[in-house]
Amino acid sequence: AQELANIGSYIWNIESNHTVTTPQALKILGLGTDWQIKDLLNAVHPGDVERVTKALEQTLERACPLDIEYRCIVAGEEKIIWARGKVLLKNRVAELMKGTVMDVTDRHQIISRLTESEELYRQEQAMNKLGNWTWDIEADHLYWSDELFRIYGLEPQSEKLSFQRFMSFIHPDDREKRWLKLKEQMKDSSLRDYHFRIIAADGKEKILYGQSQVVFSDTGLAYKMIGTCQDVTEQKQLENSLYQKTVQLERSNSSLEEFAYITSHDLKEPLRKISVFGDRLLTETVLPDGVKTTMVKIVDCAARMQRMVDDILSLSEVSFSQSLKKTNLAALLNEVIQNLDYKLEAANARLEYDQLPYANVNETQFRQLFQNLISNAIKFKKEGVSPVIKIRYDYLSREEKKEHTLSMINKYLRIVISDNGIGFENEFAAKIFTIFQRLHSRAEFEGTGIGLAICKKIIDHHHGIISASGVVNCGATFTIIIPIDD
């Protein structure tokens with residue numbers, strides 16, 4: 001029995017200083033069979049020697065019971081011993097001490113770990129503004145953790161709580177709703193979660209997120225409810241602020257897009273009339289050479305403005321069209337190539353391309369994307385060199401997803417369009433996607449400077465990435481990355 005309980009017993013003859021000890025006590029204390037009190041004290045941890053010595057002296061002098069826990073060193077290991085003893089008197093003088101010793105090292109370690117765990121749990125609750133509670137329904141007693149008291153504006157464990165006391169904290173506008181939800185919850189043991197407002201003891205209004213569950217007896221009686229509450233006031237205020245800003249931003253964007261769209265349409269009519277009247281003057285009227293030259297410039301400017309308006313319309317329409325569907329990119333590319341056939345033939349261009357896969361895209365927008373990038377490759381060709389345009393595709397590896405800080409879950413398609421044209425300095429790689437941004441004069445290459453801005457907006461709409469790199473007189477490369485479904 002002593003071995004199972006890890007407890008031993010002893011008898012100490014105080015007058016003869018002789019001891020009788022059970023084997024388990026010798027094992028616990030790490031002593032030999034013929035030990036004396038000095039051997040016991042020598043094994044006591046230096047930090048506890050004085051305390052143990054005083055306890056023994058008081059027990060012998062006053063014949064009071066001994067009850068002490070102390071540390072001792074046994075075979076090089078530290079143990080915690082719980083020693084108890086009772087003095088037997090003869091002629092009012094201490095003659096014998098009988099008692100027990102118990103190795104409580106494991107128990108202390110468990111208590112220490114539990115204490116540490118409890119402290120960490122309290123710290124975690126405080127950091128997350130999270131408290132837990134238990135409601136004994138029959139006794140109408142509520143237990144709140146310290147942090148829950150703080151959430152409600154009270155000092156920890158400062159008062160006994162009842163259900164009515166809890167309800168008094170609920171915001172008046174939410175009280176009836178919370179009561180009805182609680183009555184409904186009493187019907188089953190499923191875990192419920194909810195938000196509700198309170199007026200804390202310090203008068204502050206707070207928003208709490210709660211989770212709770214009813215515990216039923218074997219007879220089906222609801223006898224206890226357990227749960228947690230978290231103060232999410234700041235999160236909710238932030239969410240509301242972000243929502244309001246998002247709504248305002250969407251309204252602003254919508255207004256700007258609508259303004260651009262309507263304005264562009266309104267500009268078309270006067271531009272068309274300028275072009276018509278200008279052409280009529282040039283064809284039907286004999287004009288002095290200087291006036292004629294000026295009129296030609298006016299017509300050219302009107303035509304360039306017309307192209308710019310059309311490009312602005314294209315840019316604004318990207319945001320209006322939101323639908324994506326599974327599309328055969330190979331068929332879409334072939335369609336674009338056929339539309340550009342005359343340009344490719346005129347430039348003596350050669351197109352080398354992979355059989356592109358299916359992807360979820362906006363068909364109209366991707367058609368425009370391919371058309372803009374291929375047209376640019378033809379436009380920015382080297383003098384006297386036939387353009388060679390290559391279109392390749394593959395899928396991003398896990399390492400490449402990390403490099404681009406993309407989701408590890410999604411699959412990403414990469415399309416690379418490269419040419420052997422005039423290229424550009426890499427320092428302008430990001431700049432070329434800005435609206436109205438040009439790297440060359442209009443005299444060298446015609447255009448509005450909106451085409452690549454449209455490409456970037458299209459890829460942004462597809463939650464993807466578009467980038468460019470170039471080498472002067474060697475060519476340019478455009479890389480498109482978009483998420484796709486397997």
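Is Leu56 buried or exposed, and what is its relative accessible area? I looked it up: Leu56 is buried, with a relative accessible area of 11%. (Buried means under 20% relative accessible area, exposed over 50%, and partly exposed in between, with a 1.4 Å probe and protein chains only.)

**Ground rules**

I am working on a predicted model, in which local features need pLDDT of at least 70, side-chain atom pairs count only at pLDDT 80 or more, and totals for chains, interfaces and linings use all residues. Residues are numbered from 1 along each chain as its sequence is written, and side-chain values use heavy atoms, with hydrogens and water left out.

**Entry: Leu56 and its helix**

I found Leu56 in helix H4, residues 49–62. (Helices, H or I with at least four residues, and strands, E with at least two, are DSSP runs numbered from the N terminus.) Next I listed the contacts of Leu56, setting aside neighbours within four places in sequence: Trp12, Ile37, Leu41, Leu66 and Met97. (Contact means heavy atoms within 4.5 Å.) I also checked Asp67, which is eleven residues from Leu56 in sequence and 9.7 Å away in space, C-alpha to C-alpha.

**Entry: the sheet with S1**

I traced an open sheet of five strands in the order S2-S1-S5-S4-S3, with antiparallel pairing. (Two strands pair if DSSP finds at least two bridges between them.) Strand S2 (18–21) and strand S3 (66–74) are at the edges; each has a single partner strand, so one side of each lacks a neighbour in the sheet. Neighbouring strands here are turned by 25 degrees against each other on average, direction ignored. (Axes are lines fitted to C-alpha atoms, for helices over the stretch in contact, and angles run from 0 to 180 degrees between N-to-C directions.) H4 packs on this sheet and touches S1, S3, strand S4 (77–90) and strand S5 (93–103), while its direction makes about 145 degrees with that of S3.

Then I followed S1 (residues 7–13) itself, which pairs with S2 over four bridges in the antiparallel sense. Tyr10 stands opposite Thr21 in S2. Ile11 has Val20 as its bridge partner in S2 and Lys98 as its bridge partner in S5.

**Entry: another five-strand sheet**

Here I read the order S7-S6-S10-S9-S8, an open sheet with antiparallel pairing. Its edge strands are S7 (141–144) and S8 (192–199), each pairing on one side only. S6 (residues 130–136) is joined to S7 by four bridges, and Asp136 stands opposite His141 in S7. Helix H8 (residues 172–185) packs on the sheet, touching S8, strand S9 (205–216) and strand S10 (222–231).

**Entry: Asp419**

I found Asp419 in the loop between strand S15 (411–418) and helix H15 (451–461). Asp419 is buried yet has no salt bridge, and the nearest side chain of opposite charge, Lys382, is 8.6 Å away. (A salt bridge is a side-chain nitrogen of Lys or Arg within 4 Å of a carboxyl oxygen of Asp or Glu; Lys and Arg count as positive, Asp and Glu as negative, while His and the chain ends are not counted.) The side chain of Asp419 reaches the backbone nitrogen of Gly421 at 2.9 Å.

Definitions and conventions. A polar contact is a pair of N or O atoms within 3.5 Å; within protein, one must be able to donate a hydrogen and the other to accept it, and residues adjacent in sequence count only if both atoms are side-chain atoms.
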